[in-house]
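Me: Got a structure to go through with you. Can we start with the contacts and then work through the fold?
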Amino acid sequence: MKELKKTADYTVFQKSSGRYAVRGKNKQWLHGEEKEQVLLAEQLITRLRPKAPAATEETAAPEASAAAE
């Protein structure tokens, strides 16, 4: 693993697979929300936004059924 950044609170590593690992100041590995917050703060990852629901398909379906009648 390659050390990317070391601060007083944590150390960020990059694995050979390209993924990240974060070790806290107490030498314990961080997981979940804690790890995500550190990686977001260091701008190593971006938070994915959920896709907007496809409203055009829902509104088009009733019009098509009305035209068929």
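This is a predicted model: local features need pLDDT of at least 70, side-chain atom pairs count only at pLDDT 80 or more; totals for chains, interfaces and linings use all residues.

Me: Which elements does the protein have, and in what order?
Reply: From the N terminus on, the order is β-β-β-α-α. That is 3 strands and 2 helices.

Me: How do the strands pair, parallel or antiparallel?
Reply: Antiparallel, in an open sheet ordered 1-2-3. Strand 1 (2-6) and strand 3 are the edges, each pairing on one side only. Twist from one strand to the next averages 25°.

Me: How many bridges between strand 2 and strand 3?
Reply: Their antiparallel pairing runs over 5 bridges. T11 sits opposite R23 of strand 3.

Me: Where does helix 1 lie?
Reply: Across strand 2 and strand 3. Helix 1 runs at about 110° to strand 3.

Me: Switching to the core. Which residues are in the largest nonpolar one?
Reply: There are 7: Y10, V12, Y20, V22, L30, V38 and L39. Strand 2 (10-14), strand 3 (20-24) and helix 1 (32-41) each give two or more residues to this core.

Me: What does L30 touch, leaving out residues up to four places away in sequence?
Reply: V22, G24, K35 and V38. Two of these contacts, V22 and V38, are also listed in the core.

Me: And burial overall: what share of the residues is buried?
Reply: Buried residues are 16% of the 69 in the protein.

Terms used. Residues are numbered from 1 along each chain as its sequence is written. Side-chain values use heavy atoms; hydrogens and water are left out. A nonpolar core is a set of buried Ala, Val, Leu, Ile, Met, Phe, Trp, Tyr and Cys residues joined through side-chain atoms within 4.5 Å. Buried means under 20% relative accessible area, exposed over 50%, partly exposed in between (1.4 Å probe, protein chains only). Helices (H or I, at least four residues) and strands (E, at least two) are DSSP runs, numbered from the N terminus. Contact means heavy atoms within 4.5 Å. Two strands pair if DSSP finds at least two bridges between them. Axes are lines fitted to C-alpha atoms, for helices over the stretch in contact, and angles run from 0 to 180 degrees between N-to-C directions.
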